Amino acid sequence: MRADQHRRLRDPIEIGSATLRNRLALAAVTRGMAAEDGTPTAEMAAYYRRFARNGVGLVITEATYVPGPASRTYLAQPGLTGPAHAEGWKRVVGAVKAEGGHIFLQLQHGGPFREPELGPGIGATGRVPSVSSWQRGQPYGETRRIDGAELPALVEGFAEAAGLARAVGFDGVEIHGSRGYLLDDFLSGYNTREDAYGGSLENRLRLPVEVVRAVRAAVGSLPVSYNLSLYKMDSVDYQPPGGAAEVARTLEALAGAGVDAFHVSTRGLDRCAVGETRFLDVIRAATDRTVIGGGGVKTLDEAEAALAQGRLDVVSLARGLVANPDILDRTDKGLALEPYRRGLERVAVEDAPQ
Ligand SMILES: Cc1cc2nc3c(=O)[nH]c(=O)nc-3n(C[C@H](O)[C@H](O)[C@H](O)COP(=O)(O)O)c2cc1C
């Protein structure tokens, strides 16, 4: 980047114990390119290295399944559940760090949104997603309602993966708390459980808060990001029952449990709103933690504008960066950006445009 351009984007930023070299982040993008047993491959190391080599400040990995029942969400999804997975991730982490980048692991339990080929998903209630599955386009058959007695093991699964992430050398972790996956399924107004984990907001918050606490304890001083969204995979215009006050309380509770940064996924920075107020504005007003945000950002000018307006601290791009891993250099040189095409993230990196 030229010194006179995108000045704020170029500014380093501290998130907890990590100092990012700039404020451009790759948002999590599921590829489904791991080995069948969930071990990250050498190709994945090359894929993630390319973003760091091109100057991206923070790489957030694709959603990675944690130990626990029915946690694996996608076919050929990477996991972090034991030594083999850890060895694979070491290669990825080493590759990104060798290029001066930082890398956070995204921890996921898919909850109800599990590819039907892998078996039934689990959730706060037996609610079955009303869309076809994301990866294979199949109808979701059933969701098994989780018994209260199973919840400690779910929390422990997140903690175990987080501890492994720390041992592997990740710079931080991101908890996938958005879009209707397990933690969002508990947090959302769809959670009508009648035990201590459903119904009222404090009850709906219980599992996410327990997970954050356990992850925080497992990673020590490493930064913890929490990815949240209003929209669900099967409900684009979802609204929290308690409106902006509910969002504010949610952030307060999660921050209190140990979150350093909130990663807000939107369908366009201006397109998501709680009632009449833009979601990002509600978030900004509700927390003093770092706000990473993205959705629909395609150019560095747009990213810089969001930073200049004070709406975000870090800007994340998913499709825009997958299509243009070299967006910093391209923009510097005044070259046109490539459009994202569906499936581009699955092009093996040796064959992908550099
Ligand atoms: C192919 C694809 C895979 C994605 N996988 C994930 C994922 O694993 N975890 C996640 O939190 N978001 C995932 N997302 C959502 C993106 O991180 C991002 O929030 C969304 O694409 C909007 O940002 P964009 O307009 O910059 O693409 C995925 C998006 C795409 C297009």
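The largest nonpolar core of this predicted model has 93 residues. A nonpolar core is a set of buried Ala, Val, Leu, Ile, Met, Phe, Trp, Tyr and Cys residues joined through side-chain atoms within 4.5 Å; buried means under 20% relative accessible area with a 1.4 Å probe, protein chains only. The residues with the most contacts inside this core are Leu-107, Ile-175, Leu-207, Val-215, Tyr-226 and Phe-279. Helix 6 (residues 201-219) supplies the largest share, 10 residues. Another core, of 10 residues, lies apart from it and includes Ile-15, Ile-60, Ala-261 and Ile-292.

Phe-279 has contacts (heavy atoms within 4.5 Å) beyond four places in sequence; among its partners are Leu-228, Leu-230, Val-247, Val-264 and Cys-272.

The model is predicted: local features need pLDDT of at least 70, side-chain atom pairs count only at pLDDT 80 or more, and totals for chains, interfaces and linings use all residues. Residues are numbered from 1 along each chain as its sequence is written, and side-chain values use heavy atoms, with hydrogens and water left out.

The protein has 11 helices and 14 strands, taken as DSSP runs (H or I, at least four residues; E, at least two) numbered from the N terminus. Its radius of gyration, over C-alpha atoms, is 19 Å, close to the 20 Å of the globule rule for 354 residues, so the protein is as compact as a globular protein of that length. The rule is 2.2 Å times the number of residues to the power 0.38. Buried residues make up 60% of the 354. Of the contacts between residues at least 6 apart in sequence, 70% join residues at least 24 apart.

Notes
Buried means under 20% relative accessible area, exposed over 50%, partly exposed in between (1.4 Å probe, protein chains only).
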